[in-house]
Structures are given as C-alpha cells and as structure tokens.
Amino acid sequence: MHPICIQNGVLITRDSRSPALGILKSADFKVDTFQLKPGDYFIIFSDGITEAMNNNDDLYGILRLNNIVKLAAKDNIEKLAKAIIDDVMLFLGDKKQNDDLSLVIVKYKGI
C-alpha cells in the first residue's frame with residue numbers, strides 16, 4: 001500500500017508500484033521520498049484497511065480512506081487514527097473483518 005502524506009492540510013499520495021513486502025524472495029523496490037515539514041502527517045497502513053469488505057462484498061477502498069483522511073486531517077493524531085478505524089468499522093457493519101487493520105500515523109514536529 002502506498003503511504004499518504006498530509007502537508008498543510010493537502011493529501012499527497014504516491015503509487016510506488018512495488019510488490020508487497022514478503023511476497024517474493026527477491027524483488028526490486030522503487031525508492032521514493034517525502035520532504036516532511038513540521039506539522040505534516042505520514043500515514044502507512046495495511047491492505048486490511050482498503051480491502052475491508054462489507055455485507056455487499058464492496059471494498060472499503062483507497063478513495064474512501066483518502067476522503068476520511070481529508071476530513072480528519074485537521075484533527076490531532078489520535079483523532080485522525082480513531083476516525084480512520086471508526087470509519088472502517090462503520091463500513092463493515094456487522095460483517096467480520098477478514099484481515100488485519102494495521103495503521104501507523106506519524107506527525108513530524110521538526111528538528
């Protein structure tokens with residue numbers, strides 16, 4: 001899954017087109033960078049979030065994740081994380097999650 005960066009309230013994504021970690025014994029990975037500024041968020045997540053499936057077999061998807069991140073980007077890091085997980089759980093409804101929900105959010109405070 002490609003990471004998400006929020007800079008000055010603007011969502012920035014990059015599609016690395018690299019294989020998933022641990023899938024292949026040997027693989028080439030594209031290197032990419034984000035230049036973080038104080039106050040920026042850097043978000044990484046597992047496919048268990050974007051591939052969460054509801055009772056209609058619809059996937060949560062990257063667009064829905066991006067939308068909730070945009071809405072909650074002004075919040076503190078705890079509220080942003082909670083907004084993402086709460087939205088995934090709301091989307092699932094009463095269907096059981098079929099994969100892990102891994103989420104890491106870093107807020108860069110500067111040097």
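Leaving aside residues up to four places away in sequence, Ile 84 is in contact with Tyr 60, Leu 65, Ile 68, Val 69, Leu 103 and Ile 105. The model is predicted. It holds three salt bridges, and a nonpolar patch on its surface is formed by Ile 44, Val 104 and Val 106.

**Ile 84**
- Ile 84 belongs to helix H3, which spans residues 77–92.
- With a relative accessibility of 0%, Ile 84 is classed as buried.
- Leu 36 lies 48 residues from Ile 84 in sequence and 21 Å from it in space, C-alpha to C-alpha.

**Salt bridges**
- Lys 95 pairs with Asp 57 in a salt bridge whose closest N and O atoms are 3.1 Å apart. Lys 95 is in the loop between H3 and strand E4 and Asp 57 in the loop between helices H1 and H2, so the pair ties together parts 38 residues apart in sequence.
- Arg 64 and Asp 87 form a salt bridge at 2.9 Å, N to O. Arg 64 lies in helix H2 and Asp 87 in helix H3, so this pair ties together parts that are 23 residues apart in sequence. Arg 64 is partly exposed at 30% relative accessibility, whereas Asp 87 is buried at 12%.
- Lys 82 and Asp 86 form a salt bridge, with 2.6 Å between the closest N and O atoms. The two are four residues apart in helix H3 and thus separated by about one helical turn. Lys 82 is exposed at 52%, and Asp 86 is partly exposed at 37%.

**Nonpolar surface patch**
- Together, Ile 44, Val 104 and Val 106 have about 220 Å² of accessible area.
- Ile 44 is located in strand E3, residues 41–45, and is partly exposed at 38% relative accessible area.

Notes:
Residues numbered from 1 in each chain as written. Predicted model: local features only at pLDDT ≥ 70, side-chain atom pairs only at ≥ 80, totals over all residues. Heavy atoms only, no water. Buried < 20%, exposed > 50% of the residue type's maximum accessible area, 1.4 Å probe, protein only. Contact = heavy atoms within 4.5 Å. Patch = residues over 30% accessible without salt bridge, like charges linked within 9 Å, V, L, I, M, F, W, Y side chains within 5 Å. Areas by Shrake-Rupley, 256 points an atom, 1.4 Å probe, with all protein chains shown as cover. Salt bridge = Lys/Arg side-chain N within 4 Å of Asp/Glu carboxyl O.
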